[in-house]
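Here is a short briefing to read alongside the model. Take a look at the structure first, then go through the points by topic.

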Amino acid sequence: MLDYSKRKFPPFRSETRLSPASFVASRNPTICPTPAGSFSLPQHSHRNSVDGLCEARLCAQTKRTPISRSKASANAVQKAQTCYVTAYFRQPISLAHPVMSRHKKAMRILLTILALFLGISITSKADNQPNIVFVFSDDHAPHAIGAYNGWLKSVNPTPEIDELAADGMLFQNSFCTNSICGPSRAVIQTGKHSHKNGFMNNGNSFDWNQQTFPKLLKKVGYQTALYGKSHLKGHPQGYDDWMVLPGQGLYYNPDFITPEGKKRIDGHCTDVVTDLAVQWLKEKREDGKPFMLMVQHKAPHRNWMPAERHLHLYDDIEMPEPTTLFDKWEDNTLAAKYQELEVDGHMHINHDLFLDLTPDFDDDKELKTDKSAFRNLQRMSPTQVKAWRDAYGPKDEAFHKANLSGDDLVRWKYQRYAKNYLRCVKGVDESVGRLRDVLAELELDDNTVVIYSSDQGFYIGDHGWYDKRWMYEESFKMPLIVNWPGVTDGGAVNMELVQNIDYAPTFLAMAGADIPDDIQGKSLVPLLKKQQEGKFRDAVYYHYYEYPSVHMVPRHYGIRTDRYKLMKFYQFGEQWEMYDLEKDPDELTNIYETADKKLVDGMKKKLEDLRVHYDDNSHEPEYPLEKKKGFWPTFAK
Ligand SMILES: [Ca+2]
């Protein structure tokens, strides 16, 4: 039956950016008879799929059922995407399992449309304590999501997340406050900047006794659950049910910390976490009670270990390269020259890129690098190891034969890195699709807000780097996509400056709970409801604290408006960078010295005002000369 108001449209929806209503209205309908009754389809949806039931079956089998989806070839899935609408409507014919649920849904939609025609008002449950499913990954850069239209879009890395965006609202200017795993999660829990919630760098521990949004949701009647990566140390508080990975967790056969103790679960971490969430939805969720479920993936965090079924994904394509892959940081302060996160110089060819890596790899015990992939290989099953080596063995052999050096070697490293990263992303993308399918199956999708986000962005070879930490756009931005049925228009793109301090107050506002005064973020609900008058925010504030530490990115803070960015590094004396993001989106030309003085002074004043507004008077330690010499050779000259 007619289902445009719901979810799941093929990729062209995100191109056309039409709301479901205008989508229906703009095209001539085609009448389609089915056992569930006759209904109209827009011609557009038929363009690749009028061939009939056979292809529809393929769509249904590859696209709509989690089991066959995982086994489907990339081609079949791609084909399924093009004929998705047809498959959706014809499923009652071809699939036994979801028939009843979809018939009921179809009837409900038909009644809604009839009511609209007859001018009858139907009370929407959307405003009435919606359920919240928060899918949160680790290090997933917005430019590795198709819907964000970045330079990796041609790879089609995230069809499921793109569909979520096509059904909801995508925040184009969404930022973190401190670009690193633990601190970003602490900000989300509390709605407060790092200097207020106490988790400033990954060496800190989170004080779970403080006010967090899940605790406040429980007070207004929500059932709460958390599965996957927490990275906040200690046992989570504010959740009725939880199982979290210890620290970073493992990709294969991960351990979990549970209220009952440690538990190992075999499988790939992204699938295992999704399984736990699905099991909770089906078995532990209380009927008639609103819920907030956090599904927090480890992927695509370093070291990028894809699931077995994704080991050969992208084998036959060349990844596009970022335009800044060979950036020499000529205009930046010295901070950018003395970092340690280069694909070329710092990414380890065995431990990060898996060259010749086996469970009995001859490891150099003295070598200090992230060896989690090697340790994980040692606890993989013989079948998993075989699949792993079957995938990488022949590629390693070809690499040794090619005898690469210079830029060619950098390009090879980049290709291997980007492919593994996006293979891990693929698992997360499938998790989003599967969770949405389960919500539909349980008939919860009408009143469940589905949110996709990640703790920060990431460099995928941008500026020659991997990792995060900097206030530059690639790692400062975080994806944020919200589908709130009945509230968000399909395919809406919001350009306001929003930040992870806003998540907690948003969840509280959705639930109708009071937002405590000490929360520093603002509810995004007015933006989601398109009720915002004027600018949501003039500028966002950032402060990164972890130095000296892995990757050696010095402490810095700064401010970003819709056009300019000002950054201050303070441990080596005052070092400033400023960028005009409109003229220079890649941040290659530092205009701090050359820009109009009034403009620079205006940005400095705004920065100081924001530091006062957020009450950040945290210490700015400048190093003594001896220490500066040790870290930056320039000072030794
Ligand atoms: Ca992270």
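The chain holds 20 helices and 18 strands; helices (H or I, at least four residues) and strands (E, at least two) are DSSP runs, numbered from the N terminus. This is a predicted model, in which local features need pLDDT of at least 70 and side-chain atom pairs count only at pLDDT 80 or more, while totals for chains, interfaces and linings use all residues. Residues are numbered from 1 along each chain as its sequence is written.

**Overall packing**
- Of the 637 residues in the chain, 47% are buried (20 or more other C-beta atoms within 10 Å of the residue's own, with C-beta atoms placed from the backbone).
- Contacts are pairs whose C-beta atoms, placed from the backbone, lie within 7 Å; among those between residues at least 6 apart in sequence, 66% join residues at least 24 apart.

**The four-stranded sheet**
- Four strands form an open sheet in the order S15-S16-S17-S18, with antiparallel pairing (two strands pair if DSSP finds at least two bridges between them).
- Strands S15 (540–544) and S18 (575–580) are at the edges with a single partner strand each, so one side of each has no neighbour in the sheet.
- S15 and S16 (residues 556–560) run antiparallel and are joined by five bridges; Tyr 541 has Ile 559 in S16 as its bridge partner.

**Helix H9**
- Helix H9 (residues 181–190) is largely enclosed by the rest of the structure, because ten of its ten residues are buried.
- The cover over its buried residues includes helices H10 (194–197), H11 (213–219) and H17 (503–510).
- Just after H9, Gly 191 adopts a positive phi of about 75 degrees.

Methods. A residue is buried if 20 or more other C-beta atoms lie within 10 Å of its own, exposed if 12 or fewer, and partly exposed in between; C-beta atoms are placed from the backbone. Two residues are in contact if their C-beta atoms, placed from the backbone, lie within 7 Å.
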